[in-house]
Amino acid sequence: MGRWWKPLLIAGLISLFNAIPAAAGIVEDRKTCDGAGPAEPQIAACTRLIASGRFKGRDLAVTYNNRAYAYQTQKEFGRSIADYDTAIRMMPTMEDLWFGRGRAYAA
């Protein structure tokens, strides 16, 4: 074996160690976004998850749903409805999204 593998191994390890904090941040944001707590941290966490581009389909729709609900608790009904609309376009068969949007309209 030549000496080429050592720099490659070091570069791989550096990439791995750089990815660990990002993954930890995603896990914490997922807990905050999915949890029941103050609306502002929940909105911020959900927004970071949406912006990360790591989620698709049902997972992304649930993230929009969680943020929509947090907006609704803050009486920001326009933002809430916009998030419900986005989630419904992604997953029109998720009944909770339709009910949530209806609650936001009724409020």
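Author: Arg-67 is found in helix H3, residues 57-73. The model is predicted.

Reader: Why is Arg-67 called buried?

Author: Its relative accessible area is 12%. Buried means under 20%. Arg-67 has 12%, so the word buried applies.

Reader: Which residues does Arg-67 touch, leaving out those up to four places away in sequence?

Author: They are Ile-43, Cys-46, Thr-47, Ile-50 and Asp-83. A contact needs heavy atoms within 4.5 Å.

Reader: Which other residues of H3 are buried?

Author: Among them are Leu-60, Ala-61, Thr-63, Tyr-64 and Ala-68. Tyr-71 and Gln-72 are also buried.

Reader: What makes the length of H3 agree with that of a helix?

Author: H3 has 17 residues. At 1.5 Å a residue, they should span 24 Å. The end C-alpha atoms lie 25 Å apart, which agrees. Just after H3, Lys-75 takes a positive phi of about 60 degrees.

Reader: Cys-46 came up as a contact of Arg-67. What makes Cys-33 and Cys-46 a disulfide?

Author: Their sulfur atoms are 2.0 Å apart. The cut-off is within 2.5 Å. The pair meets it, so it counts as a disulfide.

Reader: What does the pair tie together?

Author: Cys-33 lies in helix H1, residues 5-34, and Cys-46 in helix H2, residues 39-52. The pair therefore ties together parts that are 13 residues apart in sequence.

Reader: Are Cys-33 and Cys-46 buried or exposed?

Author: Both Cys-33 and Cys-46 are buried. Their link has 100 degrees about the S-S bond and is right-handed. The count for the model is 1 disulfide.

Reader: How do you know that the charged end of Arg-30 sits over the ring of Phe-55?

Author: The charged end of Arg-30 is 5.1 Å from the ring centre. The distance limit is within 6 Å, and the direction must be within 35 degrees of the ring normal. Arg-30 is listed as sitting over the ring of Phe-55. Aromatic pairs, by their own rule, come to 0.

Note on methods. Residues numbered from 1 in each chain as written. Predicted model: local features only at pLDDT ≥ 70, side-chain atom pairs only at ≥ 80, totals over all residues. Heavy atoms only, no water. Helix = DSSP H or I, 4+ residues; strand = E, 2+ residues; numbered from the N terminus. Buried < 20%, exposed > 50% of the residue type's maximum accessible area, 1.4 Å probe, protein only. Expected span 1.5 Å × (residues − 1). Phe/Tyr/Trp six-rings, centres within 6.5 Å; stacked < 30°, edge-to-face > 60°.
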